[in-house]
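Open the model in your viewer and keep the sequence panel beside it. The stops below are given in the order in which to select them.

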Amino acid sequence: MQSPRERSTVRARAGWMVMGERGRPSALEVCRVLAVLFSLFPSVSLQCKILKCNSEFWASTSNSGPEEEFCTALRAYNSCVRRTARTCRGDLTYHSAQHGIEDLMSQHNCSKEGPTSHPRTRTPLPPAPPPVMTDSQERSDGPEVCHYERSLPRNTAPPNYTHCGFFGDPHLRTFGDDFQTCKVEGAWPLIHNKYLSVQVTNTPVVPGSFATATSKLTIIFKNFQECVDQKMYHAETDELPAAFADGSKNGGDRYGANTLRVVEKVAGQHVEIQARYIGTTIVVRQVGRYLTFAVRMPEEVVNSVEEGDNQDLYLCLHGCPANQRIDFRNFRARAAEAQSVSRTRSSTGANGFTYQSAKTKCKERLPVEDLYFHSCVFDLLSSGDINFTMAAYYAFEDVKMLHSNSKRYHIFEKDAEMNSAEQKGRNVLSVFLVNLLAVLLWTVCL
């Protein structure tokens, strides 16, 4: 695997397929069709990469090989198609690919779990000489490439570290310090880049409610040069292991294996995973019945996305999809209004908290009325689970440990409103530019 400073290029083959007896359309017809598609469906036209997935799959299976290799290619195809889910939901080819994959999996008895790429042949490294140690020296954990900051070129600026957190009902703080409350029931990717992948599974907190929380978490560290083997960490409710899935606590048998470690801080409650070869620290906690996640990662690693790879569902980078977000300011306003109406009837709501009692409880742990405080109030009102108070508290404690800018620990509602306004502005500009391109295409073709 390449280092964070190297880029990989992916060459995809594309072409026109013409069906029917009339033959190939004229250039004029093609231009007009393109212009109409760009203007009517800008997001699908410019972002849906399903044809790239198709071409890569058929290219990888063009030569017949063992059944195992076909299943590996099929799993890679499935992974590629899943990454296009957000931008290709309305595309017929996308839905056809989904059904086709299921059929092929069944026909060839392929497991959905397993490798998605063929193992690369590695040239064995010569045995490293034993390190010379004195009483004042500590053992080196591996070569320079296995220590992120040491591997940076000399005289370069220190890396910029970013933070992402996911906790509670659930609430997301992105690498860009955008703070969102989401629905996201089921399995969702938090992080997916060249070096690791993180996926969470969220389940309903209260039957019939939109409130969900994280009950499962899977982290896959991909093999990296002479540093670490591929490792998987899996946690779920009441099972927060102090080791990787294979029982090991480090990166395997390679020379830099100790640059990846699982450290148990509090048995069954708090685990820290240190991945020094990519400058990353991950904190996983169980609070009550649910899990929380927090990470510190260099910006370079955050953005280490394979060229051409669709990352729209990378929640820590892009946030939750718009249709999965909850505006808890409206929720809070309705709760306050409901309390005012029912004040003469009862002192508590359906879940045991009124707006005022929830605020009082959250104030005990979160004295500053920032978005961590408001998320705590939201969680108590929507679920009635007192443990969510501690989830918000520990999420903020993790920010103080992992965030590189102390002035950005707290996020207030005005910050969230500003980020939302900026995002809307970018979306409007994107649509304008796409429509302008459509007009130019139409003009040129005429």
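**Before selecting**

This is a predicted model, in which local features need pLDDT of at least 70 and side-chain atom pairs count only at pLDDT 80 or more, while totals for chains, interfaces and linings use all residues. Residues are numbered from 1 along each chain as its sequence is written, and side-chain values use heavy atoms, with hydrogens and water left out. Helices (H or I, at least four residues) and strands (E, at least two) are DSSP runs, numbered from the N terminus.

**Stop 1**

Select residues 171-173, which are strand 2, together with strand 3. The two run antiparallel and are joined by three bridges; strands count as paired if DSSP finds at least two bridges between them. Leucine 172 has glutamine 180 of strand 3 as its bridge partner. Five residues separate the strands of this hairpin, and in the turn aspartate 177 has a positive phi of about 65 degrees.

Buried means under 20% relative accessible area, exposed over 50%, and partly exposed in between (1.4 Å probe, protein chains only).

**Stop 1**

Six bridges connect strand 4 to strand 5 (residues 196-204) in the antiparallel sense. Within strand 5, glutamine 199 stands opposite proline 189.

**Stop 2: disulfides**

Show the cysteine side chains. Counting a disulfide as a pair of cysteine sulfur atoms within 2.5 Å, the model has five. Three of them are visited here.

- Cysteine 71 and cysteine 110 are joined with an S to S distance of 2.0 Å. The link is left-handed, with -75 degrees about the S-S bond. Cysteine 71 is in helix 4 (residues 67-83) and cysteine 110 in the loop between helix 6 (92-107) and helix 7 (148-151), 39 residues apart.
- Cysteine 164 and cysteine 316 have their sulfur atoms 2.0 Å apart. Their S-S torsion is about -75 degrees, so this disulfide is left-handed. The pair links strand 1 (residues 161-167) to helix 9 (residues 315-318), 152 residues apart. Both cysteine 164 and cysteine 316 are buried.
- Cysteine 182 is joined to cysteine 320, S to S 2.1 Å. This link is right-handed, with 95 degrees about the S-S bond. Cysteine 182 lies in strand 3 and cysteine 320 in the loop between helix 9 and strand 12, so the pair ties together parts 138 residues apart in sequence.

**Stop 3: helix 11**

Finally, select residues 355-363, helix 11, where Tyr355, Ala358 and Cys362 are buried. Look down the axis of helix 11: the buried residues fall within an arc of 65 degrees, so they line one face. The arc is that of the directions from the helix axis to the C-beta atoms.
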